[in-house]
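Trainee: I would like to learn how to read a new model, one feature at a time. Could we look at it together?

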Amino acid sequence: MTARRVRSGLAGAALLLGCAAAQAHLASTGLGPVYDGIWHLFVSFDDLLPVLAIALLAGLNGARAARWTLFVLPAAWWAGGAVGFHSGAVSVPAGITSPSLLLLGLLVALDRRLGPSITAALAVALGLLHGGLNGAGIALAGREASGLVGMAGAIFVLAALVSAAALSLRRPWTRIAVRVAGSWIAATGLLMLGWTLSGRA
Amino acid sequence: MKPQPVNVLLLLAGVLLAPPALAHVQQGQAAGFVYGLLHPVSGADHVLAMLAVGLWGAQLGAPAIWLLPVTFPLLMACGGFLGLVGVPLPGVEIGIAASAILLGSMVAAQARPPLWTAALAVGFFALFHGHAHGTELPAGQSGLLYSIGFVVATGGLHATGIAIGLVHRWPWGRTALRAAGLAIAAAGLYFLRRAL
């Protein structure tokens with residue numbers, strides 16, 4: 001048990017020491033920060049894919065899980081974004097978003113019953129992490145924090161549509177198609193992780 | 001339907017007055033996606049093996065028809081991960097050729113092994129395909145979009161195999177599938193000869 005803790009500590013320390021500055025890749029629509037925030041979600045696949053994955057997972061886990069996720073995900077994203085924005089430049093391990101893709105994709109592919117509390121906890125963790133990175137990116141780019149409102153709104157609408165679609169699936173093959181989509185998301189996350197560790201990202 | 005002069009003029013005006021495309025800050029992303037999309041279809045050995053997975057899945061029916069195409073991308077990504085981080089895998093080209101031989105033979109023989117055996121075989125060979133792709137990945141492309149394109153193309157090939165394999169419900173379709181399996185296995189022998 002002690003050896004495992006030491007190994008985990010070393011792995012955590014290695015991740016933290018290998019930090020890279022958060023990379024801002026903000027979209028610009030010319031319609032103002034709120035629209036920029038909305039647009040950002042749909043052109044940033046490292047944010048879009050985990051949102052799709054958690055929405056699919058919530059839908060597969062039933063109406064209660066979907067309802068919880070629908071509200072806690074945008075709230076956590078906004079809260080994380082506010083913290084990231086006010087703390088300015090945040091240093092995070094390079095490729096920190098790849099594990100969220102891998103984990104959520106695997107959970108969708110496995111189609112395990114997690115329950116509303118665990119699904120909501122995953123949504124909160126996802127929202128805080130990605131929202132924090134987005135908020136820091138906005139601060140770094142010197143833009144207005146109201147872009148976070150657009151992001152949170154877009155996430156609410158997208159999560160509502162996707163989780164409702166997953167929830168309404170009745171035929172067995174449609175549920176399996178969602179699991180296939182989850183395996184694709186997990187595979188993308190794993191490739192991204194390798195890409196990052198190889199230093200090519 | 002005769003083209004209207006106004007429409008032609010509008011089209012010409014649109015083409016001639018078009019400003020240069022301005023990419024937003026994520027430059028090079030589309031190139032990454034397209035490159036990833038094209039990579040799995042750029043080699044006949046990869047294409048045939050992935051089609052064979054779909055064909056075999058269609059022959060086996062549920063749940064293999066879904067399990068095999070889920071197993072392949074996941075294990076292929078594991079192989080890609082190993083290739084990306086520089087973990088060597090011996091005999092990659094031989095493994096890829098062997099995948100076409102074995103999977104083609106399974107389709108030709110209409111083999112029905114236990115589900116876990118089929119999944120294990122498909123997953124094992126997927127590692128070789130993924131490793132080859134992982135080591136071939138060029139630097140400077142968008143990693144995320146490349147990966148998405150890569151996975152989508154692989155899934156698309158499986159879906160194509162499954163769609164073709166649906167002819168299995170007709171007697172002539174079963175014969176055609178077996179012939180296709182034989183052709184894939186023969187192509188695998190050619191790939192093996194080239195790899196040795």
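Mentor: Gladly, and please keep in mind that this is a predicted model. Let us start with a pair of helices: the crossing of α6(A) and α7(A) is right-handed.

Trainee: Which residues of α6(A) and α7(A) make the contact?

Mentor: On the side of α6(A) they are Asn134(A), Gly135(A) and Ile138(A), and α7(A) brings Gly147(A), Leu148(A) and Met151(A). Sorted by class, the residues of this contact are 3 nonpolar and 3 polar, with no charged ones.

Trainee: At what angle do the axes of α6(A) and α7(A) cross?

Mentor: The axes of α6 (residues 116–141) and α7 (residues 147–167) of chain A cross at roughly 150 degrees and come within 10 Å. Angles over 145 degrees count as roughly antiparallel, and α6(A) and α7(A) are therefore roughly antiparallel to each other.

Trainee: Now the wider view. How many helices and strands does chain A have?

Mentor: Chain A has 8 helices and 2 strands. Read from the N terminus, the order of its elements is α-β-α-α-α-β-α-α-α-α.

Trainee: What share of the residues of chain A is buried?

Mentor: Of its 201 residues, 48% count as buried. Among contacts in chain A with a separation of 6 or more, 88% join residues 24 or more positions apart.

Trainee: Which residues of the largest nonpolar core touch the most other members?

Mentor: That core has 116 residues, and those touching the most other members are Ala53(A), Ile54(A), Leu73(A), Ala52(B), Ala100(B), Leu103(B) and Val107(B). Helix α4 (residues 64–85) of chain B provides the largest share of this core, with 14 residues.

Trainee: Let me pick one of them. Which residues does Leu73(A) touch?

Mentor: Leaving aside residues up to four places away in sequence, Leu73(A) touches Ile54(A), Ala123(A), Leu126(A), Gly127(A), Ile155(A) and Ala159(A).

Trainee: And where the chains meet, how many residues does the contact take from chain A and from chain B?

Mentor: The size of an interface is often given as the accessible area lost when the parts come together. Here we can count residues instead: the contact takes 26 residues from chain A and 27 residues from chain B. On the side of chain B that touches chain A, α4 and α7 (143–165) of chain B each supply at least two residues, and α4(B) gives the most, 12 residues.

Trainee: How does that side of chain B divide by class?

Mentor: The side of chain B that touches chain A has 19 nonpolar and 8 polar residues, and no charged ones.

Terms used:
Residues are numbered from 1 along each chain as its sequence is written. Chains are lettered from A and ligands numbered from 1 in the order in which they are written. This is a predicted model: local features need pLDDT of at least 70, side-chain atom pairs count only at pLDDT 80 or more; totals for chains, interfaces and linings use all residues. A nonpolar core is a set of buried Ala, Val, Leu, Ile, Met, Phe, Trp, Tyr and Cys residues joined through C-beta atoms within 7 Å. A residue is buried if 20 or more other C-beta atoms lie within 10 Å of its own, exposed if 12 or fewer, and partly exposed in between; C-beta atoms are placed from the backbone. Helices (H or I, at least four residues) and strands (E, at least two) are DSSP runs, numbered from the N terminus. Two residues are in contact if their C-beta atoms, placed from the backbone, lie within 7 Å. Ala, Val, Leu, Ile, Met, Phe, Trp, Tyr, Cys and Pro count as nonpolar, Asp, Glu, Lys and Arg as charged, and the others, Gly among them, as polar. Axes are lines fitted to C-alpha atoms, for helices over the stretch in contact, and angles run from 0 to 180 degrees between N-to-C directions. Angles under 35 degrees count as roughly parallel, over 145 as roughly antiparallel, 65 to 115 as roughly perpendicular and the rest as oblique. A crossing is left-handed if the near helix is turned anticlockwise from the far one by less than a right angle, and right-handed if clockwise.
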